[in-house]
Amino acid sequence: AAALPFDQVREKTMQLAYQTPVTDMHTHLYAPAFDELLLWGVDELLTYHYLISEAFRWSDEPYEQFWSWTKKEQADWIWKKLFIDHSPVSEAATGFLTILHRLGIDTTARNLDEIRAAFSNITTEQQVDRVMEVSKVRKIVMTNDPFDPLERPVWDTNQGKADQRFYAALRVDNLLNNWQQAVQDLQMLGYDVTAEWTEKTKAEVRRFLVEWIEKIDALYLAVSMTGDFAYPADDHRSRMVDEVMVPVCQQKSIPFALMIGVKRRVNPGLQLAGDMSMHSDVSAVEALCRNYPDQKFLITMLARENQHELAVLARKFRNLMVFGCWWFLHIESMVEEMTRFRMELLGTAMIPQHSDCRVFEQLIYKWEHSRTIIGNVLADKYEKLHRSGWAVSEADISRDLDDMLNRNFWNFIGCPEEAN
Ligand code: RAT
Ligand code: ZN
């Protein structure tokens, strides 16, 4: 393949960074069959929990007041606070405008009802197709919870796998973090478990996991952990990991994804918007990777302070894949910093980003903003290589971007054919 001249490297890299089809390996999006669980449109976008907490910084309104409003009223209020009374420069606010811009919606009048009108007469299916086309996201991994009464019937009636662009991930938060609740949920689904950690209970939880992994074709088990996650420890979580979750992952040959560093509901009044991040102990991940060399772990952490150590740990354990810039780290400055040092420590053997989208059109901004940064960081490295006499070709660039935005995930989880 022909080496590119120096002055074409950045342009070609950026062009390919915007075009390479993405596998989005962690989202809260759903396939159209999940009906009302699939959120899209202006009012959903404006009431994104990232924007709710930002809007409250400009208000003395009681939280209950906000929650009592209709979604449209909430959206109107957020629009006024964040877009009319002040400039929308935060990542999440800017993102809303990136979406409108890419969908060809004119915002010069700053009139929310006009913007809403531009979304009328569109079906869910049309919007899903359009957004996937514009964002060039080809495959979407959902977050699936069998205990969700809205979600379970979709799987029970076998509609969950109808759309080939969507894949499942089995979320197991309560089993690890709220065992009392999990016991009730499992009993409700007919599993013979008790709060006490007996052989029978372990066997039943394993049966639950295996049955649901098979039922939804889960690509991995997933949990978000509070920052105080310690492993190994003499506690419920370690027992659940060692005696149930890792054995099930090994039996089904799937990775275990841990998202570590949340501090839930530091301000309960904000509901979903009231979670904080906290510093975590990376040695828990170290011990997992060492104890289970044949088990794959997909890991992301929420505190900026943990990122460098986690990337170094990935140099030590090939069964560890770092992924994404999660939640409060999904802002330009952090994505830039993290992408740069991850690339410097790991080359392209990492998954630089996932979207964590909750509202469908967010795919447009989250991926466009990230592609810009990933492309530029990569172009810096190629220019540096060029100055050392190593000129990359277009094929090299395509391969590297495909690895980071798509293939590394599929290879890591043991389904290389899905990357094509
Ligand atoms: O990023 C988010 O939207 C958070 O609310 C969480 O859902 C987090 O991503 C998680 O998966 O726990
Ligand atoms: Zn998430």
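**Loop residues and a helix pair in the predicted model**

Gln271 sits in the loop that runs between strand 6 (256–263) and strand 7 (276–277). As for its surroundings, Gln271 counts as partly exposed because it has 15 C-beta neighbours inside 10 Å, which puts it between the cut-offs of 12 or fewer for exposed and 20 or more for buried.

All of this comes from a predicted model. The chain averages a pLDDT of 98, and 100% of the residues score at least 70. For the complex, the predictor gives an ipTM of 0.96 along with a pTM of 0.98.

A positive phi turns up at Asn158 too, here about 70°, and again the residue is not a glycine. Asn158 belongs to the loop between helix 9 and strand 3. It has 10 other C-beta atoms within 10 Å, so Asn158 is exposed; the limit for that label is 12 or fewer.

Gln159 is in that loop as well, between helix 9 (152–156) and strand 3 (166–167). With 15 other C-beta atoms within 10 Å of its own, Gln159 comes out as partly exposed. Setting aside neighbours within four places in sequence, Gln159 is in contact with Ala33 and Val154. Val141 lies 18 residues from Gln159 along the chain, and the C-alpha atoms of the two are 16 Å apart.

Another loop, the one between strand 5 (221–226) and helix 13 (236–252), holds Pro232. The peptide bond joining Tyr231 to Pro232 is cis, with omega at about -5°.

Turning to helix packing, a pair of packed helices is described by the angle between the axes and the distance between them. For helix 3 (residues 49–56) and helix 5 (residues 71–84), the angle is about 60° and the axes are 9 Å apart. Helix 3 is therefore oblique to helix 5. The crossing of helix 3 and helix 5 is left-handed. On the helix 3 side, the residues involved are Leu51, Ile52, Glu54 and Ala55, and they meet Trp77, Ile78, Lys81 and Leu82 of helix 5. Sorted by class, this contact between helix 3 and helix 5 has 6 nonpolar and 2 charged residues, with no polar ones.

How values were computed: Residues are numbered from 1 along each chain as its sequence is written. Chains are lettered from A and ligands numbered from 1 in the order in which they are written. This is a predicted model: local features need pLDDT of at least 70, side-chain atom pairs count only at pLDDT 80 or more; totals for chains, interfaces and linings use all residues. Helices (H or I, at least four residues) and strands (E, at least two) are DSSP runs, numbered from the N terminus. Two residues are in contact if their C-beta atoms, placed from the backbone, lie within 7 Å. Axes are lines fitted to C-alpha atoms, for helices over the stretch in contact, and angles run from 0 to 180 degrees between N-to-C directions. Angles under 35 degrees count as roughly parallel, over 145 as roughly antiparallel, 65 to 115 as roughly perpendicular and the rest as oblique. A crossing is left-handed if the near helix is turned anticlockwise from the far one by less than a right angle, and right-handed if clockwise. Ala, Val, Leu, Ile, Met, Phe, Trp, Tyr, Cys and Pro count as nonpolar, Asp, Glu, Lys and Arg as charged, and the others, Gly among them, as polar. pLDDT is the predictor's confidence in each residue, from 0 to 100.
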